[in-house]
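Here is a chain to work through by question and answer. Keep the sequence and the 3D view open as you read.

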Amino acid sequence: MTSIKSLRWLMRKKSGLSDGGKSSFKMKQLPFLAVLCTIMLFIVYRTTKYQYHQEEIDKKWSFWGQPKVYPSTSGKLKGLPRGIIHDNSDLELRPLWSRSNSRSKAVYSNSNLLAVPVGIKQKQNVDAMVQKFLRENFTIILFHYDGNVDGWWNLDWSSKAIHIVARNQTKWWFAKRFLHPDIVSIYDYIFLWDEDLGVEHFSPSRYVEIIKREGLEISQPALDPNSTEIHHKITIRARTKKFHRRVYERRGSTRCSDLSEGPPCTGFVEGMAPVFSRSAWYCTWHLIQNDLVHGWGVDMKLGYCAQGDRTKKVGVVDSEYVFHQGIQTLGGSGHRMTKVSKPQRTTMKQGGVGIDVRTEVSLLSLV
C-alpha cells in the first residue's frame, strides 16, 4: 500500500518537472489576478455610482425633474468644455477662507428662502419674523426700500442675511430682478412676504411639513380673524381645520360653492404672504411683468402657476397662521388701517383735477 502511494507521488512530481514548473507558476499567479480583478470591479462600480449620483443631482435641481441639457453647442458657450458649464447659482453666503470640501457642504445647507421688503420703521416686527425663520435654517434676504441698511447692523443676525437696497421699490420689483429661478433653484420653497406680518402663532417647519404632505405648490398662512386688514374671506383662519382650499360665501355678486373653480372662492392666495414651490416660482417669475409695481391683481392670476389643478394645488394653512397688521409703507401714510375690502385711495391735485394715484397704479399693474 505504501509503495503505491510513493509511486503516485513520484508521478505527480515528475509531471510537475516535465512542464518546467509552469503549472506551479500559474498557481502562484491566481491570487494576484484575483486581486487585480477585484480592484477593476471596484473602479467600475465607483465610476458608475458617481455618474448615477451626478444624474440624480441634475434631476433634483432641475425645475421639471429632467436632467438639464447644457447649450454647449450655442455660439456664446461654444468655447467652454461641457464639464465647466454652471448655469445656476444661489444666495448662500460664502466664507472668505475655507477648504473646497467644507465649502461644498455649505452650498445647500439651507433648503428654503425668506425674502421680505423692509423699512426701518418695521424693524422690531421684522426682527421677530427673521429670528423664527433663522432657527429653521432659512436663507434670509431683505429688500430695503427706504435705503436704510446701517440701522439693522446692531441685530445679531444681520450679518447672516443678504441686504439689497433700492429706494422706493416694491416687493415685486425686487423679486423680478433678484429672485431669478436660476438663482433660487436650490430652494424647495420661496416665502415672499410683507414686513407687517405677526408670527407669534407661526412655525416655519410645521408649515413646510403641511404643504409638502398636502401637495400645495402655492400657499399662504391663514390670517388671524382679528387682523387689522382682511380683503378676502378665503384667507381667514378656520379654527377647526389644518388647511383649506376653498371658501363658501354669498356676498354681493360673489357666489362661492363646490362648483366654483377660481378665485376668490378657490385656487387663491393673497399677495402679502405667498409661498411658492420651486416649480411654481419658476412659472410665477415669468408671470410677473417687468413694469409691475404694487402687484394688485397678480394674486388672481397665480393659479396659472399651480402646476396642475389650482383647486387642489393652491391652499391656505390654518394651523400655522399670522396676524396681518395692514401697515401701508410705500404709497401710504404708514398708519394702521381698519378692516376694509378695498385699498384706501390717495388723491392728488394736478391742474385742478383730482387724480386717484392708487387706482392709476393698479390699472397699470393689470395691463
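Q: What share of the contacts with a separation of 6 or more is made by residues 24 or more positions apart?
A: This is a predicted model. Contacts in the chain with a separation of 6 or more are the set to look at. Within that set, residues 24 or more positions apart account for 71%.

Q: How many helices and how many strands does the chain have?
A: Both element types are present in the chain. The count is nine helices and 13 strands.

Q: What percentage of the residues count as buried?
A: Buried means under 20% relative accessible area. The chain has 367 residues. The buried share of them is 40%.

Q: What part of the accessible surface belongs to carbon and sulfur atoms?
A: The accessible surface of the chain comes to about 22,000 Å². Carbon and sulfur atoms hold a share of that area. Their part is 55%.

Q: Which residues form a nonpolar patch on the surface?
A: One member, phenylalanine 42, sits in helix H2, residues 22-61. The patch has about 520 Å² of accessible area together. Its members are Val35, Ile39, Phe42, Ile43 and Tyr45.

Q: Is cysteine 37 buried, partly exposed or exposed?
A: Buried means under 20%, and exposed means over 50%. Cysteine 37 has 45% relative accessibility, so it falls between those limits. Cysteine 37 counts as partly exposed.

Q: Numbering the bonded cysteines in sequence order, what is the pairing?
A: A disulfide is a covalent bond between the sulfur atoms of two cysteines. The structure holds two disulfides. One joins cysteine 256 to cysteine 265, and cysteine 283 and cysteine 305 form another. In sequence order the pairing is 1-2, 3-4.

Q: Is the link of cysteine 256 and cysteine 265 left-handed or right-handed?
A: The S to S distance of this disulfide is 2.0 Å. Both cysteine 256 and cysteine 265 are buried. The angle about the S-S bond is -70°, and the link is left-handed.

Q: What is the torsion about the S-S bond of cysteine 283 and cysteine 305?
A: The sulfur atoms of cysteine 283 and cysteine 305 are 2.1 Å apart. The disulfide is left-handed because of its torsion. That torsion is about -65°.

Q: Where do cysteine 283 and cysteine 305 lie, and how many residues apart are they?
A: The pair links distant parts of the chain. Cysteine 283 is in helix H7, residues 278-287, and cysteine 305 is in the loop between H7 and helix H8 (310-313). They are 22 residues apart.

Q: Which residue forms a salt bridge with aspartate 194?
A: A search of the whole structure finds five salt bridges. In the one with aspartate 194, the closest N and O atoms are 2.8 Å apart.

Q: How many residues apart in sequence are arginine 278 and aspartate 188?
A: Their side chains meet in a salt bridge of 2.8 Å, N to O. Arginine 278 lies in helix H7 and aspartate 188 in the loop between H5 and E4, so the pair ties together separate parts of the sequence. Those parts are 90 residues apart.

Q: Which residues are linked in a network of salt bridges?
A: Glutamate 209 and arginine 213 meet in a salt bridge of 3.9 Å, N to O. Both lie in helix H6, residues 204-214, four residues apart, about one turn of the helix. The network links Glu209, Arg213 and Glu214.

Q: Which side chain makes a polar contact of 3.5 Å with that of glutamate 229?
A: Glutamate 229 lies in the loop between strand E6 (218-223) and strand E7 (243-244). Glutamate 229 counts as buried because its relative accessibility is 8%. The contact joins its side chain to that of histidine 231.

Methods: Residues numbered from 1 in each chain as written. Predicted model: local features only at pLDDT ≥ 70, side-chain atom pairs only at ≥ 80, totals over all residues. Heavy atoms only, no water. Patch = residues over 30% accessible without salt bridge, like charges linked within 9 Å, V, L, I, M, F, W, Y side chains within 5 Å. Areas by Shrake-Rupley, 256 points an atom, 1.4 Å probe, with all protein chains shown as cover. Salt bridge = Lys/Arg side-chain N within 4 Å of Asp/Glu carboxyl O. Helix = DSSP H or I, 4+ residues; strand = E, 2+ residues; numbered from the N terminus. Buried < 20%, exposed > 50% of the residue type's maximum accessible area, 1.4 Å probe, protein only. Contact = heavy atoms within 4.5 Å. Polar contact = N/O pair within 3.5 Å; in protein donor to acceptor, adjacent residues only side chain to side chain. Disulfide = S-S within 2.5 Å.
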